Amino acid sequence: MTEKALRLGTRRSRLAMAQSGQVADAVSQVTGRPVELVEITTYGDTSREHLAQIGGTGVFVTALRDALLRGEVDFAVHSLKDLPTSQPEELVLAAVPVREDPRDVIVARDALKFTDLPRGARIGTGSPRRMAQLNAYARTHGLDIETVPIRGNVDTRIGYVRDGELDAVVLAAAGLNRIGRGEEVTDFLSVDTVLPAPGQGALAVECPAGQADLIAALAELDDPFTRVAVTAERSLLAALEAGCSAPVGALADLPFPAPFERGNPHADGQIVNEMRLRGVVGTTDGSRMVQLSTTGPVPETHDQAATLGRHLAAEMLAQGAAGLMGERAQ
């Protein structure tokens, strides 16, 4: 008799289904049990408001967590950047698998690079973080761009470019890679130009705290370096008291060489004992920015990683970061 299938809660979007399917395959290999996807609609999927208006924090997560707590699903997969920074006691972040490319990318008309866009180019993004950094870069490099707030799935966003409504849109490299559309990228935005959202490119596998056997099985999917990196980034976000939709960018990576610029997050197997954490916050028009970084030993524990994030956040707050974020998270 075959074992009962594990139920994996997922959002219904094409991207969510793709990344949940990848996790389902991995969990099935680890446990020897079939895994079935249970599609759940979240408030963030049905609301037509811009994320900055509906608060961002938790809008794609709450319905999945409710299903976990009600026992309707055994575990859930989230895009880690959508997770609120506070973790409910009843749930455990059982695994953070190896991170995809965390960078933002441009999909532009005529296969243009960001710096080759014409004067007055209209660039679509739903993210105040992306707007702030793109506008700041444009200001300091003499580019003339207009950032346009948009919502919608990948097809909708790229459609604005195909239809000529926008010159370019900004998307996450990880999302396009996971749905097999990486070839549509016309330019990768260096993390020196645009820092990604805290946790961007990483997945979070969550399950009820009482499921010890399942927690142990899911832990086999965990990547320790990805986990300490995103822990530092999310600790920075939490210490800034900023929500998922605030104009905050953060990335913890390996300073030498720049791994994600070369496409290998683990630096060719070299022994790496330092981690760099960078953070940025700015007004959406790009006129005022606070950007700082710190480098230290690769954290070995959750607390060490969290401390790194808190310390950098304290330095950013001392330089006026709080005044640049608009409405603070509650």
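A residue counts as exposed when its relative accessible area is over 50%, and as buried when that area is under 20%. Keep these two cut-offs in mind as you look through the views below, which all come from a predicted model.

**Figure 1. Asp-110 and Ala-111 in the loop between β5 and β6.**
Let's start with Asp-110, which sits in the loop between β5 and β6. Its relative accessibility is 60%, so Asp-110 counts as exposed. Ala-111 is found in the loop between β5 and β6 too, and because its relative accessibility is 57%, Ala-111 is also exposed. Now look at the backbone. Most residues other than glycine have a negative phi. Asp-110, however, has a positive phi, near 55°. For Ala-111, phi is likewise positive and near 55°.

How many aromatic pairs does the structure hold? There is one. To describe such a pair, we give the distance of the ring centres and the angle of the planes. For Phe-114 and Tyr-137 the centres are 5.6 Å apart and the planes make an angle of 45°, a tilted arrangement. Phe-114 belongs to the loop between β5 (104-108) and β6 (121-124), while Tyr-137 belongs to helix α5 (residues 128-141), so this pair ties together parts that are 23 residues apart in sequence. Both Phe-114 and Tyr-137 are buried.

**Figure 2. Helix α9 packed against helix α11.**
Here you can follow two helices, α9 (residues 224-239) and α11 (residues 302-318), whose axes are 7 Å apart and form an angle of about 40°. That angle makes α9 oblique to α11. The crossing of α9 with α11 is right-handed. On the α9 side, the contact is made by Val-228, Thr-231, Ala-232, Ser-235, Leu-236 and Ala-239. Their partners in α11 include His-302, Ala-305, Leu-308, Gly-309, Arg-310, Leu-312 and Met-316. What kinds of residues make up the contact of α9 with α11? They divide into 11 nonpolar, four polar and one charged.

Thr-10 is part of strand β1 (residues 6-10). Is Thr-10 buried or exposed? With a relative accessible area of 0%, Thr-10 is buried. Setting aside neighbours within four places in sequence, Thr-10 is in contact with Ala-16, Met-17, Ser-20, Leu-37, Val-38, Glu-39, Ile-40 and Leu-64.

Strand β8 (residues 168-172) contains Ala-172. Its relative accessible area is 16%, so Ala-172 counts as buried. Which residues does Ala-172 touch, not counting those up to four places away in sequence? They are Lys-81, Arg-103, Asp-104, Val-105, Arg-130 and Gln-200. From Ala-172 to Leu-189 the C-alpha distance is 9.8 Å, and the two are 17 residues apart in sequence.

**Figure 3. Stepping back to the whole chain.**
After the close-ups, here is their setting. The chain has 11 helices and 13 strands. Of its 330 residues, 54% count as buried. Among contacts with a separation of 6 or more, 74% are between residues 24 or more positions apart.

Conventions
Residues are numbered from 1 along each chain as its sequence is written. This is a predicted model: local features need pLDDT of at least 70, side-chain atom pairs count only at pLDDT 80 or more; totals for chains, interfaces and linings use all residues. Side-chain values use heavy atoms; hydrogens and water are left out. Axes are lines fitted to C-alpha atoms, for helices over the stretch in contact, and angles run from 0 to 180 degrees between N-to-C directions. Helices (H or I, at least four residues) and strands (E, at least two) are DSSP runs, numbered from the N terminus. Angles under 35 degrees count as roughly parallel, over 145 as roughly antiparallel, 65 to 115 as roughly perpendicular and the rest as oblique. A crossing is left-handed if the near helix is turned anticlockwise from the far one by less than a right angle, and right-handed if clockwise. Contact means heavy atoms within 4.5 Å. Ala, Val, Leu, Ile, Met, Phe, Trp, Tyr, Cys and Pro count as nonpolar, Asp, Glu, Lys and Arg as charged, and the others, Gly among them, as polar. Rings of Phe, Tyr and Trp (its six-membered ring) pair if their centres lie within 6.5 Å; planes under 30 degrees apart count as stacked, over 60 as edge-to-face and the rest as tilted. Buried means under 20% relative accessible area, exposed over 50%, partly exposed in between (1.4 Å probe, protein chains only).
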